[in-house]
Amino acid sequence: MRTVQHWIAGKTTTGSSDRTAPVFNPATGQQQAEVLLGSVGDVESAIAAARDAFGSWSQTSVSRRAKILFTFRELVNAHAAELAELITDEHGKVLSDAMGEVQRGLEVVEFACGIPSLLKGDFSDQVSTDVDTFSFREPLGVVAGITPFNFPAMVPMWMFPVAIACGNTFVLKPSERDPSASMRLAELWQEAGLPDGVFNVVHGDKVAVDTILDSPDVAAVSFVGSTPIARYIHERATATGKRVQALGGAKNHAIILPDADVDFAADHLAAAAFGSAGERCMAISAAVAVGTAGDAIVAAVNQRARDVKVGSGRDSDSEMGPVVTRQAQERIVELIGTGESQGADVTVDGRTLEVAGHEEGFFVGPTVIDGVTTEMDVYTEEIFGPVLSVLRVDTVDEAIAMINANPYGNGTAIFTSSGEAARRFQRGVHVGMIGINVPVPVPMAYYSFGGWKDSLFGDKHVHGPEGVGFYTRAKVVTARWPRTSADSEASFHFPTSK
Ligand code: NAD
């Protein structure tokens with residue numbers, strides 16, 4: 001049995017813990033590896049390696065840092081297919097989807113390659129007579145990333161390229177369910193010339209996470225995962241004075257107006273609800289049909305749900321793979337049952353789907369539930385599976401009010417041909433990322449990604465300009481170079497410009 005080890009100070013290590021967790025292949029249902037669950041000491045070693053590396057990395061010129069990022073970009077690009085296979089085998093998503101995830105992560109690396117421009121400060125000449133003011137940004141120190149199972153390459157790459165480019169050193173605690181992609185990324189960093197200790201990976205569970213949260217040597221924590229854990233991370237890490245961005249779960253609504261193109265909307269709804277088996281934080285899980293849009297959109301989405309080719313992620317014919325674990329599969333099946341028992345209509349039922357040759361795999365078929373209300377469990381819970389709930393309202397304003405009453409605020413979309421309705425929607429919803437005829441509006445790497453309300457705890461979104469702001473702090477210098485002491489003009493009143 002392969003054991004996934006930690007990566008500390010530029011090499012793999014077994015550390016001191018004898019606790020492990022199984023790593024499954026979701027398509028076969030078989031355990032394929034085990035991952036070490038780091039002890040307090042293991043995490044402390046990773047943090048110490050990062051702390052030791054910070055002195056020289058933070059003093060490495062910004063051009064040199066950029067060159068290493070460019071080399072890393074080339075290596076990740078060259079190994080994209082291999083990374084995608086690692087993702088598919090441990091997460092279950094289809095290979096084309098895994099390639100898309102690597103590509104979106106790579107775009108953050110490309111953004112971070114521009115670090116010399118991104119870190120340019122401001123300069124004001126002659127703010128007072130013979131006085132200039134300028135500003136620049138410095139790295140924080142050791143920063144940590146704690147990441148979820150659903151994007152084992154992309155979500156870590158939302159964080160570490162920007163953090164490292166800014167001059168920080170990094171400790172990554174990836175999901176214990178699909179830990180291998182981060183190890184390959186660590187090897188590629190080394191090959192790119194990143195000094196040992198600048199990027200470290202420590203695997204584990206709550207023990208590892210709590211050690212990061214409590215460490216006085218960690219300056220900032222980036223977290224992505226479920227809302228209860230995001231809230232916990234934010235509370236515990238800010239209590240020890242850290243800067244924290246903690247992205248949580250979601251319930252993303254798409255509203256469909258009667259003037260929308262039904263086939264266009266149905267194609268995109270199906271892709272957004274069932275792509276990656278619904279295990280995306282930006283997946284559409286609630287379709288809100290406005291006015292007369294309901295029956296036509298449900299019929300069209302039902303047809304597409306039935307047509308989705310479900311199978312192993314390694315099979316090039318598959319459009320949707322399994323969910324990540326047996327527990328996830330059982331939880332999703334149970335939640336669909338609550339929809340039925342609470343009075344909704346399961347119009348396409350994926351609960352009993354079997355995939356030939358993969359009978360032990362963790363499969364759930366695409367599922368559509370019509371007649372859902374906001375009190376039902378399928379609406380109030382984040383299902384995180386291939387399940388689309390359909391709700392019906394009379395007006396756009398009712399749909400906006402429904403979205404705003406929901407505790408999450410990650411993403412949302414509108415399907416319409418009315419610019420007026422789209423504009424009312426974009427201005428009215430309390431949500432961080434909005435799509436207009438775009439169902440999964442994940443911002444490009446040079447914008448920042450983040451939700452509102454229970455989808456993000458903290459002030460800064462990830463990557464893009466806010467990522468640079470999160471991983472640095474500003475200095476503003478006011479300077480004068482007097483020619484003689486006669487120029488002193490010192491005074492006891494508070495300094496004002498002249
Ligand atoms: P999770 O919250 O279970 O785990 C995330 C991380 O927290 C993992 O590294 C895990 O080891 C750690 N963790 C789990 N339980 C912990 C505990 N009790 N104490 C300390 N650490 C703990 O999330 P997941 O199941 O891996 O991922 C799915 C969730 O992530 C969904 O809710 C999804 O919406 C969310 N997500 C959000 C975004 C976003 O951008 N907002 C992106 C991707 C995923």
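Modeller: Here is a walk through the ring pairs, then the salt bridges, then one arginine. This is a predicted model, in which local features need pLDDT of at least 70 and side-chain atom pairs count only at pLDDT 80 or more, while totals for chains, interfaces and linings use all residues. Residues are numbered from 1 along each chain as its sequence is written, and side-chain values use heavy atoms, with hydrogens and water left out.

Let us start with the rings. Searching the whole structure gives 15 aromatic pairs. Rings of Phe, Tyr and Trp (its six-membered ring) pair if their centres lie within 6.5 Å; planes under 30 degrees apart are stacked, those over 60 edge-to-face, and the rest tilted. Phe24 and Phe362 are edge-to-face, because their planes stand at 75°, with 5.9 Å between the ring centres. Phe24 belongs to strand E4 (residues 20-25) and Phe362 to the loop between strand E15 (345-348) and strand E16 (367-370), so this pair ties together parts 338 residues apart in sequence. Helices (H or I, at least four residues) and strands (E, at least two) are DSSP runs numbered from the N terminus. Phe24 is partly exposed at 28% relative accessibility, whereas Phe362 is buried at 3%. Here buried means under 20% relative accessible area, exposed over 50%, and partly exposed in between (1.4 Å probe, protein chains only).

A stacked pair is formed by Phe72 and Trp189, with 3.7 Å from centre to centre and 0° between the planes. Since Phe72 lies in helix H2 (residues 62-78) and Trp189 in helix H7 (residues 180-191), the pair ties together parts 117 residues apart in sequence. Both Phe72 and Trp189 are buried. They also belong to one aromatic cluster with Phe160, Phe170 and Phe199.

Now for the charged groups. The whole structure holds 28 salt bridges, each a side-chain nitrogen of Lys or Arg within 4 Å of a carboxyl oxygen of Asp or Glu. In one of them, Arg304 meets Asp267 with the closest N and O atoms 2.5 Å apart. That pair links distant parts of the chain, with Arg304 in helix H11 (residues 294-307) and Asp267 in helix H10 (residues 262-274), 37 residues apart. Asp267 is partly exposed at 42% relative accessibility.

Glu360 and Arg326 form another salt bridge, at 3.8 Å from N to O. Glu360 sits in the loop between E15 and E16 and Arg326 in helix H12 (residues 326-341), so the pair ties together parts 34 residues apart in sequence. Glu360 is partly exposed, with a relative accessible area of 46%, and Arg326 is partly exposed at 30%.

Glu176 and Lys173 pair with their closest N and O atoms 3.4 Å apart. Elsewhere, a network of salt bridges links Lys206, Asp210, Asp214 and Arg236.

Finally, a look at Arg73, which is found in helix H2. Arg73 is buried, with a relative accessible area of 18%. Leaving aside residues up to four places away in sequence, Arg73 touches Leu106, Val109, Glu110 and Cys113, where contact means heavy atoms within 4.5 Å.
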